[in-house]
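Dear colleague,

Please find below the structure that I am handing over to you. My notes on what was found in it follow.

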Amino acid sequence: MDIIRYRKDVWGEEVILGVSWDLLWVIAVTAFLLLAAHAIFMAALAKKKAMPSAEGKRVHRHDAIDRAFHWIMAGSVLVLIFTGIAPIIGIRVSWLNIHWIAGLVLSFVCIFHTIRALFWQDFKSMLLGPADFKEPFDESIKPGKYSFEQKGMHWAMTVLVVAVIATGITLLLHIDTPWWDRPSVDDEGTLGIWFLLHGTATLGLIAFTAIHIYFALRPEKRFYTRSMVKGWISEDELKENHDTNKWKQD
Amino acid sequence: MTYMHIGKDFTPPDVEAKVTGAARYAEDFKKDGMVFARLLTSPIPAGRVVSIDASAALAMPGVLGIFTADDLPEAKPPANPALAKEWVTYIGQPILAVAAESDFLAEEALSKIVVEYQRRPFVVDPLDTLVEGGPDPYPMGNTLIRNSGEAAAGTTASGTDVGRIKWSIDQVTAFRNGREPMGAEFGSEWEYGDLAAQFAACSTVIEEPFVTIGQPHHSLESRTGMAYWENGKCYFHGSLQSHTVGHNALAGMLEMDPANLVFINENTGGGFGSKIFPYPVMAVTGRFARALNRPVQLRITRDEEFYIGSARSGMQGWIKIGLKENGRVGAVDVAIINDAGSGGGGSGSSSAEHISIMFQPEAMRFRGLSLYTNTTPRGAQRGPGQNEMAAVLAPMMDKAANLAGLDRVAFRRTNAPRMDGKIGERQGGISSSYMPEAIDKAAEMFNWQQKIAQPKQISATKVRGIGVGQGFHTAGANGYDGLIRIAPDGTIYLHTGVGNLGTYSYAAVVRAAAEALQCNWDNCVVVHGNSDLNLPHSTYQGGSNTIFTETRSSHVAALDIIEKMKEIAMAEFGGSTADYSIGEERVFLTSDSSKGMSYGEAAQKAIEMGGKYSGMEYPENINATTQRSVQAMAGTGLIGVAKDLLPRSGAVPGMAIAFVEIELDKETGKFEILDYSAVAECGTVVHPQGLSQAMNGGGVWGFGMAQSERHVYDPQNGLPANVGLYQSKPPTYLDVPLNMNTVGMDMPDPQSPVGARGIGEPAQGCAVAALMSAFSDALDGHLFNRTPVTADMIVNHVAQNGFNTGNLKTNTF
Amino acid sequence: MSSHDVMPEMSLYQPVRVEDAIGIANQFADRGWLVGGGQDTYGWLKDRAKSADALIDLKGIESMRGVKETADGIEIGALVTLTEITKDPIIAQRYPLLAQAAGRVASPQIRNVGTIAGNVSQDVRCWYYRRGLNCYRAGGNLCYADTPEGMNREHAIFNASRCVAVTPSDTGPALVALEAQMVINNASGQRVVAAEEFFVGPNLDIQNTTVLRPGDILTAVRIPSKWANAQFYFEKVADRNAWDFALVSLSAVMRVNNGVIEDSRIVVGAVQATPRRLTEVEQAVRGKARNDSTADSIGDLASRTANPLNYNHFKMPLMDNLVKRALRGQA
Ligand SMILES: Cc1cc2nc3c(=O)[nH]c(=O)nc-3n(C[C@H](O)[C@H](O)[C@H](O)COP(=O)(O)OP(=O)(O)OC[C@H]3O[C@@H](n4cnc5c(N)ncnc54)[C@H](O)[C@@H]3O)c2cc1C
Ligand code: HEM
Ligand code: SF4
């Protein structure tokens, strides 16, 4: 199995073509096995503890605009993943235009999200500090607005999304769009590296998206998913999972 | 004059084998123990070879060795190296050869050889290297300069270096836009007459840019060769247009005594100028065979033939033409940049020569520059220079004539060379010219007056175009040797060192000897194609010169043998040679024809008499090649041998004029040739079928040059697009008219004993010119200023969508 | 770089039954190569621009030969050669469009061996790709033809998606116009695909020109009687009148009643990766007379949305002109 695919460039020299898509299967299988293991493990460990009730007072967690951002990002990432890998796994769809348009949507939403988070939101609530690392190992420590896992997932996604965006836009500059024509490629090796990075980030994103979706669907976390739809969590849920001292309602 | 053989059709001896497929070409020869060599070529347009690792290939069982530039004398740029190392200058350039027990193995071995290259900047369009700051095709520059150096042993080019000429952006821009590049530097220049004064005296002046693209030779028989060494002799089966004239050069390439070289080349599947003389890769074949001590066949594939098989040089130019009130061309000023590819050169001066002879301008200036590019090497191709110029000039001359209100044909006739015609820089004379008469004859054949009176519009979408064009090439040399042997059985062996490139001229020329000998053609044997068969030193087969040059040498050899027969008869029957005549293959006393002997008897006597009669002695002035042949035949019959010292002065013009009528479909850019009529002004017609073949073949090629043949390079990567024959687009049977009306003027040239001049090249020039003129006529005088004019260009022009193929770009369409 | 004159080593299979051919094709999957006349195949393999482990020569399969009449039209065996198509009396009589298109392919020698299946399944002719460069279509990540300097005179003006190569097939557009059905067999049985869906563009699949997948064999081409004896127009413009690919070709079928075009299908070749149907033109001329004024009224409807490259603008007027000629019914 290869990790990187190579090809001969116009001069007959070997250059990088991109990531090896064999890894797609590796990622898919590994992610599946890990999550299945986790599910089994969790099921076995299940303390049959009652889940906090969703009834009662509602605590605002996400503004409508942020929820919209999230779902647009989610939608575009899913579209991007699907359109990106469809040709690789042999599904015939006219993918490219949908892909880069979704890519641009994702890029814009990410930019807005970043600006909003920096200037209008409690940016610090998502910062991951050394203290956060104690959290998973000490049951007594409860997080503020975002748990350690959530912050971890967020930052991993951030890195990967920034990577696909940066590399994706570079690739976009190399194809015909309504605004520009394809340029000549002077150095095919460099282009290959962009493809490699885009592909590698894709693999990472697929893995983390799978994990993200898995947790979003897990019973004990599902209320977060609801909060991303409806905007609130219940006071019970809040108390059970968060330290209200650390999470200052805005 | 009534001739026995001259002007009569005959069946050349090789026709049957050609038709049945029995004819053998270099690649058909196999030899016991023969190994197969194949080339590894450059994937990059410019750079150098850093290292070669052939260990994996050499480790394969059955792989016998490799041969690299290190095994050859160093060829200094711009000499075209057989194998490149320091100066890799085009994609497809040979780097090394590998030999193996089978062709398949050789190919496998190639894939195991790793060559490391260092890349350099490259350029595929001459104007891109010409502009200051533009990349150079060689690290040392972009053009050829002369020095006084000698060629290295085993290499050909001498006295040349690569230098650099650059123009300012303004000069290049002006040139691209069809203006004179003021103050620009050129590589060569000539001028006659008072240009400024003549232009001042002109009432019509036009100024035009032009571009013609290259065309690969794509010889159908690729330049595969096979060589082996036996008892110190090298036997070489090769593919050349010429034969003996290349012998010494080939021996030189192999650094051997020419006496030990046996060059065998009975048939040649096309050369078109690319195989006139031995070409670099032959050195690899011969030397590799010597190194391995095995017979080696170095096979050249179809795409390799594209890369190393040469191509016509493209031109980018500017011209200013002035016409006087009286219809004479007063002055012409022309500047030409030639694309010399990675080696070889352009023929700008020959292009200018075309103008100078066809229109006899009273003053003229030529400035030329031949620039290298990282594209395939260029070389002579049928009418190099002249024919490209004929193509772009015809519509421009039409424009000038139309502006001046002159009939296009009358205008050409007014300016056509007469007996006192002058040519080129030195305004030297010509051997003869019946061009005005030829124009009249062709116009009459074509019905010019009636044709131009026809309506232009044929149907809603089809228009008529009527064109006229001229072709020219100097078509004669002299000073070669003739050699004849008559055997005691009376068989007349007509030896010729002329190559058999498919024109049958090798057989046609020796008929001048048969004519002089007044002998039956059935008793003649044409001896050619193998230097072991004792061939004389004959002219090169290029420049349309063979007919003129070699009828002369055949003639002088015949005169020599006749004189010797008379002397032999005189020894028997007394008197003086003047008292003797020949006839019916006998030499006899004019006064008493019973006193004489047959040619065979004379040959028998010659053997007995020895000395010069049987070739024991021979004139000192004959070439060493001829001397060796005479020595080898000495004592086997009566030998006639002589060097052509017949009087000769001025240029020998081969000329042709053609008319074409087309029906052009303005919606598709496609056209049909309704009529093609051409007259060859080539002196006496020696072989009518040969002439019509030359005129038809040239015509077909001219049509191809006008409409489709191409040399295309991607400028971004230096990649050629027309490596395949089909991609180069020679015309097909369905692209040319079924009938082409061609005849010869049949007026004798005084400098040929049989009155003949050559015609090969002008046959193409007149056709391409006439067709270009017809395109322009069909489109109301629109000038494309380029060849070829393809359907897309016509469609773009008609649609007026503002697109054409780019101003003055070569290597493209 | 090396150039090749001998074929690489491959195994050769010569099945005589479709099932066997399918079996072998499945066994070798994408390392097997079906061969009809070999006129497209051999160049690829000889030049080492593509490779295969096994050649599966279909020529021995009798059931894939011949032209048969069916209840609804005709069925042309996949192995029928282009020359046979030009000479077949039924095709000549009912579908001369196809005979004309087949008759303009390549050269007589190639038509004598080239099959209809090979003609519609042939790969694109982009010279960069044929050179063996690893462009998109060869599985790479860039196109050499679509660059500011690319020599792309022969390339696409419509529907390019990174690859700008065009369909080289002369019979393809004719088959689309005739609403032909492509009969495809594989291990799971038979499927029939409309010619229009048979060809795929680079937006859907950048490495294949048709829906065929390893293990699929095109066994026949059916032509329904719908367009039998209709009015036809075929024209191919190439640099040369033989031995050359189309710059633009046009195949049209028209149902004309009392001089009025009731229905038509107009399909253009060599302007995009698949035969291009001009549905807008078809709609615009429905119910109009087949004459000069209808032809003129179309203007540049056909080419209006084209997206030309550096050197192929001419395809726009050329295509418009061919449409006009088809509508006029004469050159
Ligand atoms: C110089 C030249 C000029 C040409 N000019 C033209 C032209 O003007 N117009 C034009 O249309 N074409 C042209 N061609 C292209 C083409 O080669 C021929 O048209 C011919 O029809 C191809 O048929 P074939 O049977 O020889 O193909 P093959 O080479 O046998 O097959 C071609 C492809 O089809 C596949 N295939 C063949 N049969 C089947 C089947 N039954 N089921 C599934 N897949 C199959 C093969 O695997 C291969 O990929 C030209 C080719 C050359 C070399
Ligand atoms: C979740 C995010 C994304 C995923 C999973 C993804 C995935 C992929 C994949 C798998 C490919 C095929 C690469 C290959 O063949 O090697 C691809 C190509 C491409 N992507 Fe993305 N991508 C994403 C985001 C983006 C973004 C944000 C853009 C740009 C705005 C973008 C633009 C492109 C382009 C232009 C190509 C085609 C490049 C070409 O073939 O020339 N992608 N993407
Ligand atoms: S047009 Fe298509 S086939 Fe040609 S180089 Fe581009 S991607 Fe390759």
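**Chain C against chain A**

In this contact, 24 residues come from chain C and 22 residues from chain A, where contact means heavy atoms within 4.5 Å. Please note that the model is predicted: local features need pLDDT of at least 70, side-chain atom pairs count only at pLDDT 80 or more, and totals for chains, interfaces and linings use all residues. Residues are numbered from 1 along each chain as its sequence is written, chains are lettered from A and ligands numbered from 1 in the order in which they are written, and side-chain values use heavy atoms, with hydrogens and water left out.

The size of an interface is often given as the accessible area lost when the parts come together. Chain C and chain A bury about 1800 Å² between them, with 47% of it on carbon and sulfur atoms; buried area is the accessible area (1.4 Å probe) that two parts lose on being put together, summed over both. Of the area that chain C buries against chain A, C:N141, C:R162 and C:L204 supply 32%, more than any other three residues.

One salt bridge is found across this interface, a salt bridge being a side-chain nitrogen of Lys or Arg within 4 Å of a carboxyl oxygen of Asp or Glu. A:R92 forms a salt bridge with C:D205, and their closest N and O atoms are 3.0 Å apart.

**Chain B against chain C**

Here 56 residues of chain B are in contact with 42 residues of chain C. The area buried between chain B and chain C is about 4100 Å², and carbon and sulfur atoms give 54% of it. Nine salt bridges are found across the interface of chain B and chain C. In a salt bridge between B:D792 and C:R153, the distance from N to O is 3.0 Å.

**The iron site in chain A**

Which protein atoms are donors of the iron atom of ligand 2? They are NE2 of A:H99 and NE2 of A:H198, lying 1.9 to 2.1 Å from the iron atom. Donors are N, O and S atoms within 2.8 Å of the metal (3.2 Å for Na, K and Ca); water is not among the atoms, so sites may look incomplete. A:H99 lies in helix α3 (residues 95-119) of chain A and A:H198 in helix α5 (residues 188-217) of chain A, so the pair ties together parts that are 99 residues apart in sequence. Helices are DSSP runs (H or I, at least four residues), numbered from the N terminus.

Yours sincerely

How values were computed:
Helices (H or I, at least four residues) and strands (E, at least two) are DSSP runs, numbered from the N terminus.
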